[in-house]
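Please read it alongside the coordinates.

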Amino acid sequence: MILAPSLLAANFMNLSKDCQTLKDHGIQWLHYDVMDGYFVPNHSFGVDILKQIKQNFDFVYDVHLMVSNPRLFIEYFSKVADVLTIHIEACEDVHEAIELINIIHTHGIKAGICIKPNTSVSAIEPLLSLVDLVLVMSVEPGFGGQPFMVEMLEKVRLLKDLKEKQGYQFMIQIDGGVNKENSEQSRLAGAENIVVGSYLFKDLASRISEFQ
Ligand code: DX5
Ligand code: ZN
């Protein structure tokens, strides 16, 4: 299972030190939350911070776009992200989602689709053969430090089942409120990639090893 630390929970006064600690402990993925203040009632980072981090650290940059105009942000982030994930709820319809996934792929990077807690897997079923990653939100997006919604594991199980039956290639990722205990439940349900924010960064070095 891949551990993708969420930079949102890092110590912003010491980003470089936190990134170095992640590298020193063999972390390969870095989850980078982008918020526009409209799709979610919060702001996080723009593209320039990611560009600077990328100049200094080699990670798989996993960019989670919580924005109401994903088309615009795909333009900004497609040159720096390795995986670019959009929300189905931010797309006009499934046709627009397909178009945006194709645009992401034309940049030679991986494309993900994300569902909020109130969105069911059926809303993204037509996309499952196209995407490289499906992100199941286990909190309402927008803020770190919220409690894990255990009922979201049902969606993970369903995705795993669909993946096995249909031979889909996407990776199943879960994001929000993940800690050591529920990461194990998530893995058993079928999650292959866990995003961990506040739990991990509370005591970075020792908590990374809990997951290894
Ligand atoms: C929430 C973000 C998450 C967040 C996770 O909207 O998408 O990536 O940073 O943080 P925790 O693990 O604290 O819920
Ligand atoms: Zn996220």
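1. The secondary structure of this predicted model consists of eight helices and eight strands. The C-alpha atoms occupy a box of roughly 40 × 35 × 30 Å along the principal axes.

2. Buried residues account for 51% of the 212 residues. Of the contacts with a separation of 6 or more, 64% are between residues 24 or more positions apart. The accessible surface is about 9,700 Å², and carbon and sulfur atoms contribute 49% of that area.

3. Helix H1 spans residues 15–24, and its buried residues are Leu-15, Asp-18, Cys-19, Thr-21 and Leu-22. Viewed down the axis of H1, these residues fall within an arc of 155 degrees and therefore line one face of the helix. An α-helix has 3.6 residues a turn, so residues three or four places apart point the same way. The face of H1 turned away from the buried side carries the exposed residues Lys-17 and Asp-24.

4. The buried residues of H1 pack against strands S1 (2–5) and S2 (29–35), as well as helices H2 (47–56), H7 (198–201) and H8 (204–210). Just after H1, Gly-26 adopts a positive phi of about 80 degrees.

5. How many disulfides does the model contain? The count is zero. For Cys-91, the closest cysteine sulfur is that of Cys-114, at 11 Å, which is too far for a bond. Cys-91 is buried, with 10% relative accessibility, and Cys-19 is buried at 1%.

Methods: Residues numbered from 1 in each chain as written. Chains lettered and ligands numbered in written order. Predicted model: local features only at pLDDT ≥ 70, side-chain atom pairs only at ≥ 80, totals over all residues. Heavy atoms only, no water. Disulfide = S-S within 2.5 Å. Buried < 20%, exposed > 50% of the residue type's maximum accessible area, 1.4 Å probe, protein only. Helix = DSSP H or I, 4+ residues; strand = E, 2+ residues; numbered from the N terminus. Arc of directions from axis to C-beta. Contact = heavy atoms within 4.5 Å. Areas by Shrake-Rupley, 256 points an atom, 1.4 Å probe, with all protein chains shown as cover.
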